[in-house]
Amino acid sequence: MCGIVGYVGARNATPILMDGLKRLEYRGYDSAGLALVNGEGHLRILKKPGKLVALEAAVALEDPRGRCGIAHTRWATHGAPTEPNAHPHGSGDGEIALVHNGIIENADALRSRLVEHGYAFCSETDTEAVVHLIDHLWKDGITLEDAVAAALAHVEGTYGIAVVSTRDPEKIVVARRGSPLLIGVGHSGEMLTGSDAAAVVAHTREVVYLDDGDYAVLTPGDYKTFHLDQGEVRRSVHQVTWDVGAIERGGYEHFMLKEIFEQPASIRNVLRGRVLEDIGDTHLGGIAAHQFNLGQVRRIVVTACGTSWHAGLVGEYMLEELARIPVTVEYASEFRYRNPVLEEGTLVLAISQSGETADTFAALREARQRGANTMGIVNVVGSSIARETNFGIYLHAGPEVGVASTKAFLSQMVAMALFTLHMGRRRHLSVVQGRELTQALQALPDQVSEVLELNDRIRELAGEYAGARNFLYLGRGYQFPVALEGALKLKEVSYIHAEGYPAAEMKHGPIALIDEEMPVVFLAPRDAVYSKVVSNIEEVKARGGKIIAVVSDEASELRGKVDHLVRVPHTLPCLLPVLTTVPLQLLAYHMAVLRGTDVDQPRNLAKSVTVE
């Protein structure tokens, strides 16, 4: 959600900033802009609503140049996606420019005070109040970073900001509270900043993640980090382990399709070095030092949002069945604003692809303040949630660029299976059961590859239903979260209304919607509730619904009862969601392509939701 990139060094910043913005497009945005301090001490701001091509056209026409600059892609919160509301925002005298991710909660109060001091506002945004506040507090003889720090003392809310000024040129000041920001440690006398590593990885693999309350000063070839309360501090330098090719399409038409087909490799990465088949156990380095704490766990609360919440539901079923631990799964946005009961022995487990999801991060902090042990399952190394938790598991799935999560979801479910096996072997799971699960886990990558061979058939299926206005997804047990995820994927990328339900709940309302125009997707692999799902299929057939059934064997008893059978390989019930999800991902993708939607950047959505 929103993207920041900045550069200061010896080269012309414009192409570096534009390239960084292109690599941040996946985060979701509806306007873009840049600000450059040129060699003559002037500040040039260019910004345009819409996609990045509009800004590219303006840059090509005006050819702005400068060796210090900041740029931004905005996802609208305060104010519509118009040119005045786009970032960067400038001071009235044209000497300061600022870009911002987050929400300034006291913006209205700041605006009122600044208007009394004679400041005029040109936008509807909360951000503009901050740039005017910096200007108002900038006294003679102080530096840009002093003025920024003084202003932030009056700011309430979340922010990741980058600021430049002609009054203190060849310098970028950045700061964060609740919204991710990093420094790219460049070479040959240059420094970069970005809201994530994708913005800087083409130029450096060395990054410094800022903590909440940090601000930093970037000058050519150097940087210093400070904390608003602690003064100068040192932050570790991390190595980005993936290269720029990982965030390019690599011959695929869309990132979403590329990432669907990367899933066998991403599952192998989750499993690599973690499966101990001989003893039916796992080696999880991220939690190895916390065995004593894990032995005291009596209850687990999983907190997450969106697709990660669905992975948490699958994990709930796994942990309760195989490790015999009570589990509840909470929407992070609800958990953080109520008074949750976190008794002694409760472990709070946060799941997030980006590791920066604002609600999940806030829920995690609430849990820590209440004394709970915390664990994270995240994909991005060095992310806020990874650093906030006591311990956790990295997915190592590689960058996920498509807004609709695919490979991260499968990786999260596999990580939950590894954690379940780890906990189960220390409680009730026998070595024989452990070996059975480890063998099934190691077979998953090849089984997912087998499912991907259905791609052409799923494309044809999508062609038959691309004109549908509604879909219903139904599943029981482990397949209920898959139904939710399938419906979410279809909504996200094709804009077709879809609902996921427990199959038995169909009779309690949704059955009223079923007619000849309603496609119904049943998750019907051969498991303990298979016969019950068959009964639900009969009910839909009796009402003329179009039935697509995802099965795990020949399902001969369904022939003639359903319109389409989609067969995936069979595995243990707890791992079947990994396989039954893939056809639903492909269906959503091909439906979206046929309907002509923006698959990788669906309207109104952002990849990483870093604001409430």
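**Entry 1: cavities**

I began with the second largest cavity, which holds about 30 Å³ of space. My terms: on a 1 Å grid over the protein atoms alone, a cavity is a set of points where a 1.4 Å probe fits but cannot get out, and lining residues have an atom within 4 Å of a point. Grid points are joined across faces, edges and corners, and a volume is the space filled by probe spheres set on the points. The model is predicted, so I note that local features need pLDDT of at least 70 and side-chain atom pairs count only at pLDDT 80 or more, while totals for chains, interfaces and linings use all residues. Residues are numbered from 1 along each chain as its sequence is written, and side-chain values use heavy atoms, with hydrogens and water left out.

Searching the whole structure gave me two cavities of 30 Å³ or more. I listed the lining of the second largest cavity as Ile458, Leu461, Ile548, Val550, Val566, Pro583, Leu584 and Leu587. Which helix gives the most to this lining? H18 does, with three residues. Helix H15 (455–465), strand S26 (546–551) and helix H18 (576–595) each supply at least two; helices (H or I, at least four residues) and strands (E, at least two) are DSSP runs, numbered from the N terminus. By class, the lining has eight nonpolar residues, no polar and no charged. In that count Ala, Val, Leu, Ile, Met, Phe, Trp, Tyr, Cys and Pro are nonpolar, Asp, Glu, Lys and Arg charged, and the others, Gly among them, polar.

**Entry 2: salt bridges**

How many salt bridges are there in the whole structure? I found 34, taking a salt bridge as a side-chain nitrogen of Lys or Arg within 4 Å of a carboxyl oxygen of Asp or Glu.

Lys22 and Glu56 pair at 3.0 Å, N to O. Lys22 sits in helix H1 (residues 13–23) and Glu56 in helix H2 (residues 52–62), so this bridge ties together parts 34 residues apart in sequence. Lys22 is partly exposed at 43% relative accessible area, and Glu56 is partly exposed at 28%. I use buried for under 20% relative accessible area, exposed for over 50%, and partly exposed in between (1.4 Å probe, protein chains only).

Asp212 and Arg176 meet at 2.8 Å, N to O. Asp212 is in the loop between strand S11 (206–209) and strand S12 (214–219), and Arg176 is in strand S8 (residues 172–177), 36 residues apart. Asp212 is buried at 18%, and Arg176 is buried at 2%.

**Entry 3: nonpolar cores**

I define a nonpolar core as a set of buried Ala, Val, Leu, Ile, Met, Phe, Trp, Tyr and Cys residues joined through side-chain atoms within 4.5 Å. The largest has 93 residues, of which Ile300, Phe419, Phe471 and Tyr473 touch the most other members. Helix H13 (residues 407–425) gives the most to this core, with 11 residues. Beyond its neighbours within four places in sequence, Phe419 is in contact (heavy atoms within 4.5 Å) with residues including Leu284, Ile300 and Met375.

I found a cis peptide bond joining His87 and Pro88, with omega about 5 degrees. Pro88 is in the loop between strand S4 (68–74) and strand S5 (89–90). Ser188 is not a glycine, yet has a positive phi of about 55 degrees; at 72% relative accessibility, Ser188 counts as exposed.

Definitions and conventions. On a 1 Å grid over the protein atoms alone, a cavity is a set of points where a 1.4 Å probe fits but cannot get out, and a pocket is an open set with protein on both sides within 12 Å along at least five of seven lines; lining residues have an atom within 4 Å of a point.
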